[in-house]
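Here is a short tour to read with the model open beside you. Take the topics in any order you like.

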Amino acid sequence: MHPATEKLVTALSEQSIVLNECDYAERGYHFEIDLDAGRLREFAQCMLEQEMYLVFVGGLHVDPAIEIIYQFASYDRLCRLVLRVVVDSNNAIPTISDIYQGANWHERETRDFYGVIFIDHPNLVPLILAEEDVDLKPLLKNSDNIKESAAVRWVTVEEQPETDEKADTD
Amino acid sequence: MPPELLRMIIASVIVVAFVFLNAMILGYMERKVSAHIQRRPGLMEVGPHGILQLLIDGIKLIGKQLIVPEGSNRFLFRLAPLLSFAPCVLPFVVIPFSKKLQIVSMDISLIFILAMTSINVIAILVAGWASNNKYSLFGTFRSVAQAVSYEIPMLLSLLSIIFMTSTFSLQGIVAAQKYYWFILVQPLAFIIYFISGMAETNRAPFDMPEAESELTAGFHTEYSGMGFSFFFLAEYANMFTVCSIATVLFLGGWKGIPLPLGDFTGIVWFMLKVYGLLFVMIWIRWTYPRVRFDQLMSFCWKYLIPFALVNLLITAVVVKLI
Amino acid sequence: METAQQNLEPATDIPHDNRYYLNMGPQHPSTHGVLRVLLEMDGEYVIDPQPVLGYGHRMQEKMAEHKNWMAFMPNTGRMDYAAALPYNHGYVALFERICGIEVPARAEYIRVITSELNRIVSHHLWIGAMLLDMGAFTPILYTFDDREQVLDILEDVTGSRLTYCYFRVGGVCKDIDDNFVEKTRAFIKRQRERFDVYNKLVTGNIIFIKRTEGVGVISLDMARRYGVTGPVLRGSGIAYDVRKNEPYSVYPKFDFDIPTGQNGDSYDRYLVRLEEIEQSLRIIEQALDQLPDGPFLAKVPKKLKMPTGDSSFAVEAARGELTYYLVSGGGDIPYRLKIRVPSYSNLSVLPELCQGMLLSDLVAAMGSMDLVIPEIDR
């Protein structure tokens, strides 16, 4: 692992945030994190200090609540990170647009498509859709094609005999 | 009818006709030259090699309606093209096309021409203001600032020649170039004059007032039909005037190697020289991008004017000593 | 339109309050697509530029949720029409990654060759368009002449000149032949001679240098906060290119450099793109030399069975880093496809970058960012 990436892992574990390592060949990113909304801003601040840039902010409509997906990457080393945060009961989530100004537009677009409110966003007006279409929320799924959150995740191999074999061969 | 008056009337008609003809020829030349610089054939459709294109364009423009924008000052809006066109025709009255082909010979011909080209500034101001359009106003401000600033180096460079010849009469200046052309002794003045001339007529690289990619078309955005074509004619007439002054003062006017055409050798040489300079103007336009407006102004005030003043001073000293 | 830019003051002390709003676009000779920029102006200075997007929005991400990969392929070519093949590439490679499909070597080489040709075409279009914005009417015709050579080559093999739909999951849809190889080599030779023309006409042109030097400087900090990628980032001296940093396809087999600028101004971005054309020519040459024989399309089941989960794939499009992010719930139709487009992040820099600039400088800076609005609006 690149030393800067190790520094990142250490810095995050100091704040008791656990990174799950992923198989890059299968997934295209190295780490996956699930956080709750309250820790989002400190995570983003840590990312900025660790010299990661924000690739995108997107939404994902699953049962029971919309998840917001953030992807971070780095300019100087190979390290890609996917963060998932669930919105709270009011369909709202804190903004990170004062930390990463690029998130300003990404969050406006997510709000256009999903109706998610970003708390303390300076200018939450429609970006891609027209002003009249604020209530359209085109990317929300309806009840017959929505899936559960677990149904769109990789199936993790739990305590299976294979893992014991793997431990043997290591 | 006294023969003088008849002569004047005929000459005036010829002059106005010449202005239109010049616009046609120059327009055609511009489009063909630019096409060949850009590696494409250019006008080919109307007439053999597109010769009749400009004529048909003119007829088309006559047929179009001048749409007056709402909220504009109607009287000023219609007045502006005429105000632009009229002072552009008048200089043709005093330009010496040949030894005897000059409609009116005045002792102050040069001052007359410069005064007429300055009136163009008012026309631009009126056009931009009367259009009731932010883009036009933008173009007007830029154009007025540019025109007023670049008149100074123009005058200063011309004054250098006047010091040498002690006359403002254009025929007199041509006559003073008996042994050599003045460009050989005043190359700096020629360059300064040519650059200022391009800036005065809003030609690229100084065409910020008409910057298409920023301001649509500057002060003549709102004009259509004959209104637009008057501005267009005025621009080409101005170009011709600037180049003919340059020819008269620096390139020996109508003087040249004698041809077996009698008195008409003068006009042939004059036209060749003027159109040569016009070709260079067109060439420069299609080669360079636009100069940014503040760079344009700083170029005039910080470079052209000091150089022109120094040139004038040196000329004055040398003339005094000789 | 308020923006929370508390840490920035207006760049100039302008004594009188002559502010007004000027609208640039959506139909405008300068913007590259239907983009409207609402400018709050004070005289000639721009106080607050706010891009207004959405004039070309087609909701591609929703369409992706209802179509299988083959039905959505043509859409990928229509997002960035100037350089469509990298968009094709990212999309099919994403499915190959998530399903574990292996692509034959010849197909990978063909993908690289055609993508690099497309990059050259896109950069040529950009040079012409940027100079047209600045008032030089001639270079665009020269660059279009060069483009024609490449578009003819690509038309023979892909069938399109602009909006390509050439790649398939598992390879490409048609093989290249010796005619293609010959014509491409002839083009490489011709293009190397053309650099002289561009250097004399544009690179060394004092007026162009004065219009672009020092205009629109993007610092590393600004780039990181906005997620800027591509030649815009490389102009500021950061050598980040997905082809080198996160290699995909057969790029590790080629030897090429990543050109960077020093000052981060518009002139550096121009130089970076001009140099990238040369590097693309190098890649194409090496790829043609190493081109293996073999199949050009792997056997892929008609109905893909994707596992549940998410996957991401990043490619270097002509304008920056293009990332596709797919969430699948099984089956062959994606549950969610997020397309992260490079010009989106590049344009979001505009309000901070162009505060207090002259209008002409804003045109030059925006032109140097190489925006294609349909990809921003999707």
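In this predicted model, strands β1 and β2 of chain C pair in the antiparallel sense, and six bridges hold the pairing. Within that pair, C:Y20 has C:M41 of β2(C) as its bridge partner.

- The pairing of β1(C) and β2(C) belongs to an open sheet of four strands, ordered β1-β2-β3-β9, with antiparallel pairing.
- At the edges stand β1 (19-24) and β9 of chain C; each has a single partner strand, so one side of each is left without a neighbour in the sheet.
- Strand β2 (residues 36-42) of chain C runs antiparallel to strand β3 (residues 45-52) of chain C, and seven bridges join them.
- To find your place in this pairing, look for C:V37, which stands opposite C:P51 of β3(C).

**A helix pair in chain C**

- Helix α4 (residues 105-133) of chain C packs with helix α11 (residues 266-290) of chain C at an angle of about 160°, and their axes are 9 Å apart.
- Angles over 145 degrees count as roughly antiparallel, and α4(C) and α11(C) are therefore roughly antiparallel to each other.
- The crossing in which α4(C) passes α11(C) is left-handed.
- On the α4(C) side, the contact is made by C:Y109, C:V112, C:I113, C:E116, C:L117, C:R119, C:I120, C:H123 and C:W126.
- Facing them on α11(C) are C:R273, C:E276, C:I277, C:S280, C:I283, C:I284, C:A287, C:L288 and C:Q290.
- Sorted by type, the residues of this contact of α4(C) with α11(C) comprise 11 nonpolar, three polar and four charged.

**The build of chain B**

- Chain B has 11 helices and zero strands.
- Along the sequence, chain B therefore reads as the pattern α-α-α-α-α-α-α-α-α-α-α.- A compact globule of 322 residues would have a radius of gyration near 20 Å, and chain B agrees with this at 20 Å.
- Taken along the principal axes, the C-alpha atoms of chain B fill a box of roughly 60 × 50 × 50 Å.

**Where chain A meets chain C**

- This contact takes 34 residues from chain A and 37 residues from chain C.
- On the side of chain A that touches chain C, α2 (24-27), β3 (52-61) and α4 (103-114) of chain A each supply at least two residues.
- Which element gives the largest share of that side of chain A? It is β3(A), with six residues.
- By type, the residues on the side of chain A that touches chain C divide into 21 nonpolar, seven polar and six charged.

**Where chain B meets chain C**

- Chain B and chain C bring 22 residues each to their contact.
- Elements α8 (212-215) and α11 (293-321) of chain B each supply at least two residues of the side that touches chain C.
- That side of chain B divides into nine nonpolar, four polar and nine charged residues.

Notes
Residues numbered from 1 in each chain as written. Chains lettered and ligands numbered in written order. Predicted model: local features only at pLDDT ≥ 70, side-chain atom pairs only at ≥ 80, totals over all residues. Axes fitted to C-alpha atoms, helices over the stretch in contact; angles between N-to-C directions. Parallel < 35°, antiparallel > 145°, perpendicular 65-115°, else oblique. Left-handed = near helix turned anticlockwise from the far one by under 90°. Contact = placed C-beta atoms within 7 Å. Nonpolar A, V, L, I, M, F, W, Y, C, P; charged D, E, K, R; others polar. Pairing = 2+ DSSP bridges. Rg over C-alpha atoms; globule rule 2.2 N^0.38 Å.
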